[in-house]
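Hello,

I am passing a structure on to you, and I hope you enjoy looking through it. Please have a look below, and then read on for what turned up.

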Amino acid sequence: MNMKIIVCIKQLVHVYARTGMNPSERFLEPEDKIPMVNPFDEVALEMGLRVKESLGQGEVTLLTLGPIIAESEVRRCLGMGANRLVQIEADQGTDPWRKSFFLARAISEIGAGLILCGKESLDRRSGQVGAYVAHRLGLPFVSAVVSVTMNPGTGTVEAEKRAGRGVREIIKCSLPAVLSVDMGLEVRLPRFEDKQRALSAPFETRVYSEQGDPARTLVRTIFPPRPRPKKVFTPDSRLEAFERIQQLLMGSRVEKKGTMLTGTIETQVEGVVSFLKEHGLAGKKRE
Amino acid sequence: MLTAFDALLFAVAVVILGAGLAQWSSRWLLGQEEVRKGSLTTLLRYFLGSRKILKRPLQGSAHVLVFWGVLLPALVALVSQFRPRLPGTLSNLVSLFLDLLGAATLCALAFILVRRCTKRQEAGPKRTVVPVLVLLGIVVTGFLAQGARLSILGAGFSWQSPVGALFSYVLPASPLLMQWMIRLHFFAVLFLLASLPFTFLRHLVAGSLNVYYKRQNPAGQLRSLIPRSNVPGAGRVSDFSWKQLLDAEACVSCGRCEENCPAAIAETPLSPRKVMQSLQAQMQGGFPLLEQSVSNDEIWSCTTCMACVEHCPVFAEPLDKIMEMRRYRVMGQGALPSEAKAAIRNLLLYKDVYGKGIARRTDWALNRGVPSRSEQTEVLLWVGCSGAFHPRYQETARAMVKILKAGGIRFAILGKEELCCGDPARRLGEESIFAEIAEENIRRIKSHGFEKIVALCPHCFNTLKNEYPSMGGNFAVVHATEYLADMIRLNRIALKYSLPARVALHDPCYLGRGNGIYRPLREIGKAIPGATLLELPRNKEKGFCCGGGGGRMWLHEKPGKRMNLLRAEEVVQSGAEVLGTACPYCLTMLEDGLKNLETGKAPKVMDLVEIVASSIR
């Protein structure tokens, strides 16, 4: 049996800074954003590749919804070892329920033994799409998975998931299944050879022109967080006047409170211990 | 004189020599193709100067004596076969010279023999004793023959041959003895000649060839990828180019690289000598995978400080091999150490190794009136990722701006258009990401029409100066220290405020060994009023690496001691109050090192740029 693995990858524009001056552009400059593939999805791909390697066979298909906006990153994902990429062109909007419609349709067309996706996306973080896809396909769903063990003989998979507060659950379910993957695995670097191959790999495009299900959520507005109130900086009185003035001139640098421990590892540890003792946080037995 | 039989023997020896050399050279000629131009002048200058070998004065001079003490008499003997007519005095002088040279060679050989027999290290040169004994035999039989001849002539002391005369006093006037000695002498020479390709003496040929094909560009310039089908770098010995294999063959395991390698001194698993020797061993036994003999820890312990390249007496380059193996492991196998993966990802996404992003690249210059490109701009100040993002080095960047402004220099920065120069990716073995970034940088610099670039960081400097030209970026690049030294010399800035302190200098590898820049650092140091300049025990070519280069900044310190601590101890012991350096990595590593030592009053680490700025404020 050839194991078909589908990994859903979301391309997104990651906003890492707001350096603009214009409120109408939400204080964004072009260089404040970088197109990338959702890091959770990259981990899901890594998991898919590891499953493929542990089985010794299989095919990993990347599935992405919407236009290709991060081509180099998508190609990098292909270079990591995925076999092909299927792109869905549809009017999907931002609603998870609508998105899952198109994804589920593509997945059922391609056919898969295991569907992996990221636990959530870096930009919207709804964390719902995977669950909706599973619902539409009528498949079992496990969220926040950090590792999997496949049992191809019995057609089941054991998924270890994060259950919060350090608790791990191991959930066994039948295949095919949808797993949403949490951070954890170390994502591999593509080898040069594969990267070169991926540069010219064709994308397979599926155009879905139907309306799909209506959106169940509606985005009213998007607004950046209110900037944190700036703390007035107090220069360190131990410094020379010149350096104090220079620090003031440096303006909005917000210093973190507390003392920086220096010295060897041993003395730093001593510092931490004595701090904890001083504040009654350690050292005494709790009643 | 040569009889027909002798000539036949000689021919046989030469044939064996030729066959041996042919068999030996087939070993390294299997390497990949590479175009290298040889330089006869380099070779001649190398032989006549013997500068490299004399860096160890005692052993070096013994080596030089043996070299000339064997070569010159052999030449004279060869020439004398044609019975040239020489005026009496000249031939007497030649005789005197050869006699004295022979005596000196005898001493040198004895010294070498004693050293080889007493200092037997595991990794030291192998198969050396027999050739040295044969050489010794040649010189001794030569003197015995000469002594016997003088004794037969009964001339007593002769000034043309003082040492031979000494022998003649104790030798009988026996023609038979003289004949025997001449025979022995001749046979020993033939034996040496025929056995040359199979013993340690092969290094005569291998070393000379390696010097002949020596690279003519600065040591900081990494070789480009060998264009080959799919495999980047070297996974097997046969993936190296022929010159790289010749390098390995030329290695005599003298250990000078190891003595100067910071990784070896810090007791990490890496020894450049061991790398070269295991390559040599692999070339003889099939072509197994290199991973079997050179471990990951070894490869990733290298700081690419170029000490091994600098100190190799035959210009072999262990660094070059290590880089090739890194390339294979990273690009061929995707096996970059996990801690460095983040840096590479950041480089890809944010175009800098600190992962702060282009949007924040000019934050250090905010409200400081740092000019961007205009009509009158003369030079481009290349700030680099450290200058732009590292909180400590941002101060240096600001200091540089202050100095340039004080000097009335019309400069500009690329600002948000500047990307990482690509050095970290390249030294970590990720050649394709380096190429991507470098091409983009070159395009941007060109589009603004900059021709002269002042680079703040030695690593950027080296990359821009040495590695961009092969990708089409020919710019006049100078390092900040060079530029400041020029400004001081031309009186464009006045250093008014004194720095009454003992200032020690730490040579960054990529300035010093990489590009031969030592003087400007010292000129700047001397120009600072009130400062007393100190040299650390390991300085200039012997300068000790801080441990941050070659991507080590983004790798964990696993085995061995920490290089920055070793250097920091040296700095403290030198009694310096200020340590002047010129590299962001050195600054960070040594500052950390000095803090970790916890001495009472640790020397303050400053970039020379900062020292100059503090003097003009």
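**Where the chains meet**

In this predicted model, 21 residues of chain A are in contact with 22 residues of chain B. On the side of chain A that touches chain B, two elements give two or more residues: strand E3 (33-37) and helix H5 (192-199) of chain A. The largest share, three residues, comes from H5(A). Sorted by class, that side of chain A has eight charged, seven nonpolar and six polar residues.

**Inside chain A**

Next, the layout of the chain itself. Chain A is divided into domain 1 (4-207) and domain 2 (229-287), and the C-alpha centres of domain 1 and domain 2 of chain A lie 42 Å apart.

Chain A also has an open sheet of nine strands with mixed pairing, in the order E9-E8-E7-E10-E6-E1-E4-E5-E11. Strand E9 (168-174) and strand E11 (204-207) of chain A are its edges, each pairing on one side only. From one strand to the next, the twist averages 30°.

Within the sheet, strand E1 (residues 4-8) and strand E6 (residues 114-118) of chain A pair in the parallel sense over four bridges. There, A:Cys8 stands opposite A:Cys117 in E6(A).

Helix H1 (residues 39-55) of chain A lies across E1, E4, E6, E7 and E10 of chain A and runs at about 150° to E6(A). Helix H3 (residues 96-110) of chain A lies across E1, E4, E5, E6 and E11 of chain A, running at about 150° to E4(A).

Best wishes

Notes
Residues numbered from 1 in each chain as written. Chains lettered and ligands numbered in written order. Predicted model: local features only at pLDDT ≥ 70, side-chain atom pairs only at ≥ 80, totals over all residues. Pairing = 2+ DSSP bridges. Axes fitted to C-alpha atoms, helices over the stretch in contact; angles between N-to-C directions. Contact = placed C-beta atoms within 7 Å. Domains from an automatic or database assignment. Nonpolar A, V, L, I, M, F, W, Y, C, P; charged D, E, K, R; others polar.
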